[in-house]
Amino acid sequence: MTRIAFIGLGNMGGGMAARQVVGGRDVAAFDLSEAAIAKVVSAGATGAKSVAEAVKGADAVITMLPAGPHVRKVYADDIFPNAPGSALLIDCSTIDVDAARAVATQAKAAGFRFADAPVSGGTAAADAGTLAFMVGCDEADFYSVEETLKPMSRVTIRAGDHGAGQAAKICNNMLLGISMIGTCEAFALAEKLGLAPDRFFEIASKSSGNCWSLSTYAPWPGVGPQTASDRNYEGGFAANMMLKDLKLAQEAAARSGATTPLGNSAEALYQLFDRLGFGGKDFSGVLQMLRGNLAQF
Ligand code: NAD
């Protein structure tokens with residue numbers, strides 16, 4: 001049985017590790033949070049006491065960590081020294097392109113195959129095994145990466161060499177941040193104009209304004225499919241994670257000379273939402289800030 005070490009069992013990683021169990025893999029799971037480990041153990045994984053213990057004897061190591069510094073540290077301190085040289089290493093976290101390339105270079109120097117494979121789809125897709133993966137890796141390794149990700153994926157696309165997966169992810173999430181704010185602004189305006197939110201949803205989701213932030217992840221509670229907005233914006237994709245991605249996009253835009261004024265405005269709005277103390281809420285909660293309704297939380 002293929003042995004997977006899964007490191008980082010939060011909102012996304014917990015569901016993803018459970019999908020690996022459903023896919024028939026022998027999963028050794030580790031997180032800094034014991035509660036997160038317990039949840040994945042109840043889904044059939046084996047809990048590990050450390051990253052070193054989890055990666056011992058692994059065929060593949062999958063990481064799903066908050067940000068670049070976590071990824072750099074966990075790979076350098078715990079994975080490279082302890083994983084078997086034959087293990088395929090896949091980082092699914094969203095991090096900056098430079099960090100992904102640096103970890104890939106170190107992995108190669110230590111004799112490992114490595115891929116950056118960030119995801120799109122949110123926690124519902126993580127739980128259902130229907131994530132979209134965008135992969136940066138050597139072409140020769142892509143088949144093994146795709147096979148390893150299969151129990152968690154709806155689609156896996158190779159974006160290019162190391163770092164290309166993260167480049168695709170940053171561009172995608174800048175678009176997502178902008179489209180979520182646009183969707184929230186449209187709901188806020190519809191409300192002021194006296195439109196019922198469910199009517200507006202029904203019309204716009206069948207019209208040219210439709211987008212994923214509206215039809216799949218509607219920010220207005222009780223409208224459309226079940227989303228984080230129906231749980232008082234708990235779980236899902238934290239606004240401070242979106243802010244992290246928008247910052248990465250703006251840094252990349254500044255370095256490359258790309259013009260991204262809406263990405264810039266989206267970053268400023270999420271920065272404000274975070275400073276007001278709501279960074280832990282789902283990113284669709286920015287609707288309540290635009291409505292002047294933060295007392296709702
Ligand atoms: P999360 O904060 O819920 O989970 C991260 C987990 O990593 C936590 O459980 C934390 O305890 C663990 N962790 C941190 N340092 C660790 C270490 N040294 N060793 C082991 N575990 C450690 O975050 P999340 O929402 O699951 O997001 C994870 C990544 O996925 C982020 O990079 C995020 O940008 C990306 N992402 C999230 C979503 C989403 O909808 N939540 C969607 C796509 C991509």
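## Residues around the ligand

The ligand has 23 residues around it, and Asn 11, Met 12, Asp 31, Pro 66 and Thr 94 come nearest; a residue is near if one of its heavy atoms lies within 4 Å. This is a predicted model, in which local features need pLDDT of at least 70 and side-chain atom pairs count only at pLDDT 80 or more, while totals for chains, interfaces and linings use all residues. Residues are numbered from 1 along each chain as its sequence is written, and side-chain values use heavy atoms, with hydrogens and water left out.

By class, the shell has 11 nonpolar, 9 polar and 3 charged residues.

## Where the shell comes from

Domain 1 (3–162) and domain 2 (167–296) each give at least three residues to the shell around the ligand; the domain bounds come from an automatic or database domain assignment. At least two shell residues come from each of helix H4 (68–82), helix H6 (122–128) and helix H11 (239–256). Helices are DSSP runs (H or I, at least four residues), numbered from the N terminus.

## Contacts and cover

Oxygen atoms of the ligand lie 2.8 Å from a backbone N or O atom of Met 12 and 2.9 Å from a backbone N or O atom of Thr 94. For Lys 244, a side-chain N or O atom is 3.0 Å from an oxygen atom of the ligand. On its own the ligand has 830 Å² of accessible area, of which the protein covers 86% (Shrake-Rupley method, 1.4 Å probe).

How values were computed:
Polar contact = N/O pair within 3.5 Å; in protein donor to acceptor, adjacent residues only side chain to side chain. Nonpolar A, V, L, I, M, F, W, Y, C, P; charged D, E, K, R; others polar.
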